[in-house]
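Me: I've got a new model open on my screen and I'd like to talk it through. Can you take my questions one by one?

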Amino acid sequence: AESVGNRLLPCVARTTLASSLTRLGEVTAALDEFATCIQEAIAYGNSTHAATILRNLVDLLVAVDDARTAAVLLGALGGDDVKETYGDEARRMEAARDVLTGDRAPTDVDAWTAEGVALRMEDALRVALTAVEAHRR
């Protein structure tokens with residue numbers, strides 16, 4: 001796909017790999033894959049797949065106890081301009097919300113989520129990349 005200039009298909013594959021690595025507990029490898037996905041989404045303006053990347057990243061952020069960034073991204077993903085998710089992905093987002101609200105003061109989670117609602121998708125990707133890079137150190 002890359003050899004013919006298709007940037008979406010490799011990004012979808014990398015997101016799937018990163019999400020699978022997260023579920024296997026391979027945090028370092030998952031962070032590396034997510035970093036590449038996010039960098040490419042920013043560089044190539046891949047708004048089509050950006051929400052999917054961020055939804056899958058939320059699971060990893062919850063796993064590494066980055067509640068603030070996870071809540072900010074959940075807020076950004078709840079914006080009117082973001083297509084609603086369904087199925088397993090929707091169930092994982094709800095589970096992430098449950099973990100966040102169960103482990104933190106509701107006012108903190110609400111404030112972080114509200115911060116995310118105000119973000120454009122490109123800004124949410126930059127927030128995500130900053131967090132991923134911080135966890136890679």
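**Walking through the model**

Reply: Happy to; let's start with H4, where Ala-67, Thr-69, Ala-70, Ala-71, Val-72, Leu-73, Leu-74, Gly-75, Ala-76 and Leu-77 are buried. Buried means under 20% relative accessible area, exposed over 50%, and partly exposed in between, with a 1.4 Å probe and protein chains only. Helices (H or I, at least four residues) and strands (E, at least two) are DSSP runs numbered from the N terminus. This is a predicted model, where local features need pLDDT of at least 70 and side-chain atom pairs count only at pLDDT 80 or more, while totals for chains, interfaces and linings use all residues. Residues are numbered from 1 along each chain as its sequence is written, and side-chain values use heavy atoms, with hydrogens and water left out.

Me: How many residues of H4 are buried?
Reply: H4 is mostly covered. Out of its 11 residues, the buried count is 10.

Me: Which element has the highest mean pLDDT?
Reply: pLDDT is the predictor's confidence in each residue, from 0 to 100. The chain has a mean of 88, and 93% of its residues reach 70 or more. Among the elements, H5 has the lowest mean at 83, while the highest, 96, belongs to H7.

Me: Which residues touch the most other members of the largest nonpolar core?
Reply: A nonpolar core is a set of buried Ala, Val, Leu, Ile, Met, Phe, Trp, Tyr and Cys residues joined through side-chain atoms within 4.5 Å. The largest one here holds 39 residues, and those touching the most other members are Ile-38, Leu-54, Leu-57, Val-58 and Leu-73. At least two residues of this core come from each of H1, H2, H3, H4, H5, H6 and H7.

Me: What does Ile-38 contact beyond its sequence neighbours?
Reply: Contact means heavy atoms within 4.5 Å. Leaving aside neighbours within four places in sequence, Ile-38 is in contact with Ile-53, Leu-57, Leu-125, Ala-128, Leu-129 and Val-132.

Me: Is Arg-92 buried or exposed?
Reply: Arg-92 sits in helix H5. Not counting residues up to four places away in sequence, Arg-92 touches Ser-19, Arg-23, Asn-56 and Asp-59. Because its relative accessibility is 18%, Arg-92 counts as buried.

Me: And Asp-65, buried or exposed?
Reply: Asp-65 is in the loop between H3 and H4. Its phi is near 65 degrees, a positive value in a residue other than glycine. With relative accessibility at 53%, Asp-65 counts as exposed.

Me: What distance separates the C-alpha atoms of Leu-119 and Ala-96?
Reply: Leu-119 lies in the loop between H6 and H7, and at 23% relative accessibility Leu-119 counts as partly exposed. Leaving aside neighbours within four places in sequence, Leu-119 is in contact with Val-72, Ala-76, Ala-124 and Val-127. Ala-96 is 23 residues from Leu-119 along the chain, and their C-alpha atoms are separated by 20 Å.

Me: Which element gives the largest share of the lining of the largest pocket?
Reply: On a 1 Å grid over the protein atoms alone, a pocket is an open set of points where a 1.4 Å probe fits, with protein on both sides within 12 Å along at least five of seven lines, and lining residues have an atom within 4 Å of a point. The largest pocket is lined by 13 residues, with Thr-48, Ala-51, Thr-52, Arg-55 and Lys-83 nearest its centre. The largest share, 5 residues, comes from H3.
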